[in-house]
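The sequence and the structure come first.

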Amino acid sequence: MNKKVLIVDDDPRNIFALRLTLKAKGYQIESSTMALEAIDMLKNDQNFSAVLMDMMMPEMDGYEAIKIIRNTPLINKIPIIAVTAQAMPEDRQKCLDAGAQDYVSKPINVDILLTALENLS
């Protein structure tokens with residue numbers, strides 16, 4: 001399986017921590033701090049196996065970004081894991097309803113994240 005993951009998070013510290021963790025597990029990582037840039041990255045490179053999408057970002061949140069991805073034929077099949085500090089059961093459902101395949105709450109439990117990524121393939 002291709003293990004190329006796009007991390008979308010407005011906090012560079014989150015990207016840094018996830019990049020280190022996932023690289024150690026053999027994943028190839030690209031990242032973006034802005035949703036629109038991430039969507040362009042996906043359009044320009046269809047080799048991503050998954051997107052880790054922060055749901056709370058300033059200029060465009062993850063819900064809107066997922067909606068755009070799901071409505072863009074070139075990239076609408078890419079698996080998305082929603083990542084959010086909002087951890088109520090209805091938040092999980094809201095992420096899934098938006099088009100995410102899975103949901104991981106912050107602070108991220110690495111084992112849960114790795115299981116979520118493996119379950120995508």
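## Lys3, ahead of the sheet

The model is predicted. Lys3 lies in the segment that precedes strand S1. Lys3 is partly exposed, because its relative accessible area is 32%, a value between the limits of 20% for buried and 50% for exposed.

Leaving out residues up to four places away in sequence, Lys3 touches Lys25, Gly26, Tyr27, Gln28 and Ser49. With one of these, Lys25, there is a polar approach: a polar atom of the Lys3 side chain lies 3.5 Å from the backbone oxygen of Lys25. For another, Gln28, the separation along the chain is 25 residues, while the C-alpha atoms of Lys3 and Gln28 are 6.0 Å apart.

## Lys4, in strand S1

Lys4 belongs to strand S1. Is Lys4 buried or exposed? Its relative accessible area is 9%, so Lys4 counts as buried, the limit being under 20%.

The side chain of Lys4 has a polar partner in the side chain of Asp45, at 2.3 Å. Apart from neighbours within four places in sequence, Lys4 is in contact with Gln28, Glu30, Asp45, Asn47, Phe48, Ser49 and Ala50.

## Ala50, in strand S3

Ala50, one of the contacts of Lys4, is found in strand S3. Ala50 is buried, because its relative accessible area is 1%.

With residues up to four places away in sequence set aside, the contacts of Ala50 are Lys4, Val5, Leu6, Ile78, Pro79, Leu117 and Leu120. Asn14 is 36 residues from Ala50 along the chain, and the C-alpha atoms of the two are separated by 17 Å.

## Asp54, the annotated position

Which residue does UniProt list as "modified residue: 4-aspartylphosphate"? The unreviewed entry gives Asp54 for this feature. Asp54 lies in strand S3, which spans residues 50–54. Asp54 is buried, because its relative accessible area is 3%.

Not counting residues up to four places away in sequence, Asp54 touches Val8, Asp9, Asp10, Gly62, Val83 and Lys106. The Asp54 side chain also reaches the backbone nitrogen of Met56, at 3.3 Å.

## The sheet

Strands of a sheet pair through backbone hydrogen bonds, in either a parallel or an antiparallel sense. Here five strands form an open sheet with parallel pairing, in the order S2-S1-S3-S4-S5. Strand S2 (28–32) and strand S5 (102–105) are at the edges with a single partner strand each, so one side of each has no neighbour in the sheet. From one strand to the next, the twist averages 20 degrees.

Strand S1 (residues 4–8) runs parallel to S2, and five bridges join the two. In this pair, Ile7 stands opposite Ser31 in S2. Four bridges connect S3 and S4, again in the parallel sense, and Met53 stands opposite Ala82 in S4.

## Strand S4

How many of the five residues of strand S4 (residues 80–84) are buried? Five of the five are, so strand S4 is largely enclosed by the rest of the structure.

In a regular strand the side chains alternate between the two faces of the sheet. Both faces of S4 are covered. Ile80, Ala82 and Thr84 are buried on one side, and Ile81 and Val83 are buried on the other. Val83 is also among the contacts of Asp54.

## The chain as a whole

The protein chain has five helices and five strands. Along the sequence they follow the pattern β-α-β-α-β-α-β-α-β-α.

The radius of gyration of the protein chain is 13 Å; a compact globule with 121 residues would have one near 14 Å, so the two agree. Along the principal axes, the C-alpha atoms fill a box of roughly 35 × 35 × 25 Å. Of the 121 residues, 45% count as buried. Among contacts between residues at least 6 apart in sequence, 59% join residues at least 24 apart.

Technical notes
Residues are numbered from 1 along each chain as its sequence is written. This is a predicted model: local features need pLDDT of at least 70, side-chain atom pairs count only at pLDDT 80 or more; totals for chains, interfaces and linings use all residues. Side-chain values use heavy atoms; hydrogens and water are left out. UniProt positions are given in the numbering used here, feature names are shortened, and annotations may be inferred rather than shown by experiment. Buried means under 20% relative accessible area, exposed over 50%, partly exposed in between (1.4 Å probe, protein chains only). Contact means heavy atoms within 4.5 Å. A polar contact is a pair of N or O atoms within 3.5 Å; within protein, one must be able to donate a hydrogen and the other to accept it, and residues adjacent in sequence count only if both atoms are side-chain atoms. Two strands pair if DSSP finds at least two bridges between them. Axes are lines fitted to C-alpha atoms, for helices over the stretch in contact, and angles run from 0 to 180 degrees between N-to-C directions. The radius of gyration is taken over C-alpha atoms; the globule rule is 2.2 Å times the number of residues to the power 0.38.
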